[in-house]
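Biologist: I'm new to this one. Can you put it up and take me through the aromatic rings?

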Amino acid sequence: MNSQASISSVFQKLAKLWLGFLLIMGLFSPILVNEVPIIEIRNQKWKVPILNKKSYFLADTIVSPPEFVIHPLFRFQSGIQLGQTLKSPTYQFWMGTDGYGRDLRAIFITGSGTTLFIAISSVLLSLIIALFLGLLSGFYGNSRFHYPKWGLVILLAVGIVGYYFLVASPYFNFQYGSYYWLLLMVALSWIVSKLKWKRLVLPIDDLVRYLLGVHQSLPGLLWIFLALLVFTKVSILTLVLLLAFLRWPGMTRLIRGETRRTANLPYLEAAKMSGLSDMRLMLGHIIPNLRDQIFTGIIFSLGNVIILEAGLSFLGLGLAPDVATWGNLIAQSREYPTAWWLVIWPGLFISITVMSLYALTKNDPILE
Amino acid sequence: MRSNLDLPSITSIKGAQASKNMPSWLIKNLAKFLLLFISVLMILFAIKLKTNEGQIELLISNSSEVASSRTLDPFQEFQLTKSYYHKYSLDVPNFYIGLRHPNVPDTLERITPFSHRTFQEALLWECHDWPKIQAYTKKILDLCREISILPNSTPYKKQILIAGLDMMSAPPNSAVGSIKMSSSLQSKFKNISVDYQELMTTKAPLGFFPHLQWNGKNCQFHNWIKQLFGGQGFISSVDGSAVWQKIWAAFKWTFILGTLSLLFSFIGAIVLGKKIAVKQYNAQSKFADIILLWMYVLPSFWVASMAIRFLADPSKTGGFTIFPPGGTGIENSNDNFLVIIFNTAWHLVLPVICLTYPLMAYLTAHFKKGVLQSMSTAYFTTAISKGLNLNKALNQHAIPINAYTLIQFFGGIMPALLSGALIIEVIFNIPGLGRLAYQSVLAKDWNCILGIVLVNCIVVLLSQLLADAISQKLDPRTTDQSQ
């Protein structure tokens, strides 16, 4: 037992090292990999070209050589480098080069930044959605969410009429009419909920489960295909939204289940007895208790999202093919089947990263 | 406190009774099925409305009539476009019922193509006077018709026509004066631009309360549903072939792939799960757990790429050539039947392995957990202490129960299986639903994707229904989750 514990702790340490390494690579990727020098002195003038690339290229750099230069670790040239495309690993490029002639080490560093940014932001977005829906459905269940009966009618009427006047027709001709409408609806629903009218029980848990059911009735990739019909161009923002859309049901299920479990614990009963509002119960007493589960959920979602993003890039539906990401490298390997280094490295990085994420928690990712 | 005796609790007895009351259970599940299906249908309709414009452009540009008629002048082309809008019923309101502003006519949707409609709507919100706009556009159309009747030898006829038609979707352009034309035409063009200036200065009173308008069956939603389920006119926007036939041809391959990998993953899960559970404190079991985790984590598209690179390498650049790199192996159909079967099976080995291993890891872990739980129950201990050997006790008291519970996962893993099949089919070039969807996305073939999405939705929902039904029929312990 002792030896096993020590083995797993060694694994954990290695995993933390790897993740920290990746994070540092991602954060400092503009300094580590860049096409312009970090600092240079030319004609007794200091310059920091990485802050303003365009003006560096516009300036005449050939006439006078700089007196002092600090180059980044790898000089990453954008555009196709005809001389060095598809070099197999050698002494100079020990990870090889890709179809555009870029050093794979440089792509690994910049790609880790892109991948981590996309993964972390989409998981945080899905966490926000999941916290909202999961807490609502888990805390109130089907029988405890009351709402003024006539308030619902008012909301519906104001919603339709307000949509008509603010969004659909040109009376006010606001530029962001739909945002005003959303704001109006949120504010109105909050005000109506404070009214002391006769109340109706809303099956909020069933509503959330219905949303989950709709999401589950299609394979995830087909949702992405449908989204690609609407947004024709994929940018980092749309990718983050898409991945968050794919991940929220899993997180919601987790938080809903844990909230249901927590809501029946004695300490919460006691807090309820002392007359705390529902909002304070949820924010101050349930969420702190869900800390570990939320951490586990984030870790597993991160792993999942990294694989998904790579899969999308692999199909050619992710970011543009010349953007340096790990998935785009595997996608290139379909074009150049003989270049084995384009297959092995990114796949290894992806799976090692996901494994090290999973090593951070004690739970079994498969059973979760 | 958990008692050692596993007596059925009150809730599970209730559940057992509920499962015997089959019709009400069935009605409830069918209602759920229909609700989800209709929701997905509505989402698809919303996406269809969003993509109408691009789709009709593709349909027109790929249609045989347009391709064969290069000699049409712009006005005839405009009329042909209008006929296409009518054919695909894009000249009717969206839904059975709708709100309409009092200044907007109920015939606004009849204005096609979309560029003309948006311009005239914008005009309407400038001057609020529909009859005047109608008179204005009628004047332009009359002028265009007049130009198109002119003999083809007329100089600059095409340019004049294009300039005339442009006024349907944009304000009159002063550059028209630079085209050489007869003085009568020139004065007519001038007339129209004067009319436009007048239109811009008028302001009719703007109505306030919207009307509720009943459109009846003459709406896009009704026609779309008729198209989807009647089969008439539901054609691919790229090559004009019938979508359902295309999907049926592709569905067979996905069905074969999916069934094979489901079968292997379930069998593999039962065999492996039992073996790992028996040796729960062994080093072998720990090792197996790690292998399972790796199987779960390794992305299947990467493994498939590696497999093609190193096991199916026809160019012999460092890999073996054991398997074919892709395809289905029935290209030459005059072979012997058995040869075809064997060849196809040989082609499907790698895809099925790549599709099976993540599912198998998932199911094995769950099955192992269930078997371990069963092994710690009182009845299992009793069976052992009565002298049954471990293997027999497992086969009689632990495996069957957990095999039933494994069926519950059938509905849950279906979306993952279809997603996986999509990528695997693309990599191994198997003409299944996934590859069809991928090709349709790349070619922007909306109708085909909508059809595929519907088929996938039905398959997933039916498998969930089936999994519920089987597990309730076989295993009376399972209670209805919603109760």
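Modeller: One term to begin with: buried means under 20% relative accessible area. Also, this is a predicted model.

Biologist: Okay. Are A:Tyr164 and A:Phe165 buried or exposed?

Modeller: Both A:Tyr164 and A:Phe165 are buried.

Biologist: How many aromatic pairs are there over all chains?

Modeller: The count is 35 aromatic pairs over all chains. One of them joins A:Tyr164 and A:Phe165, edge-to-face, with 5.3 Å centre to centre and 75 degrees between the planes.

Biologist: And what sort of pair do A:Phe300 and A:Tyr358 form?

Modeller: A:Phe300 and A:Tyr358 form an edge-to-face pair, at 5.3 Å centre to centre and 85 degrees between the planes.

Biologist: Where do A:Phe300 and A:Tyr358 lie in chain A?

Modeller: A:Phe300 is in helix α12 (residues 291–315) of chain A and A:Tyr358 is in helix α14 (residues 340–359) of chain A, so the pair ties together parts 58 residues apart in sequence.

Biologist: Moving on from pairs. Which residues form one aromatic cluster?

Modeller: One cluster is made up of A:Trp18, A:Phe21, A:Phe108, A:Trp326, A:Trp345 and A:Phe349.

Biologist: Now charges. Which ring face does A:Arg144 lie over?

Modeller: That of A:Phe139, with A:Arg144 at 5.3 Å from the ring centre. A:Arg334 lies over the face of A:Phe314, at 5.3 Å from the ring centre.

Methods: Residues numbered from 1 in each chain as written. Chains lettered and ligands numbered in written order. Predicted model: local features only at pLDDT ≥ 70, side-chain atom pairs only at ≥ 80, totals over all residues. Heavy atoms only, no water. Phe/Tyr/Trp six-rings, centres within 6.5 Å; stacked < 30°, edge-to-face > 60°. Buried < 20%, exposed > 50% of the residue type's maximum accessible area, 1.4 Å probe, protein only. Helix = DSSP H or I, 4+ residues; strand = E, 2+ residues; numbered from the N terminus. Lys NZ or Arg CZ within 6 Å of the ring centre and 35° of its normal.
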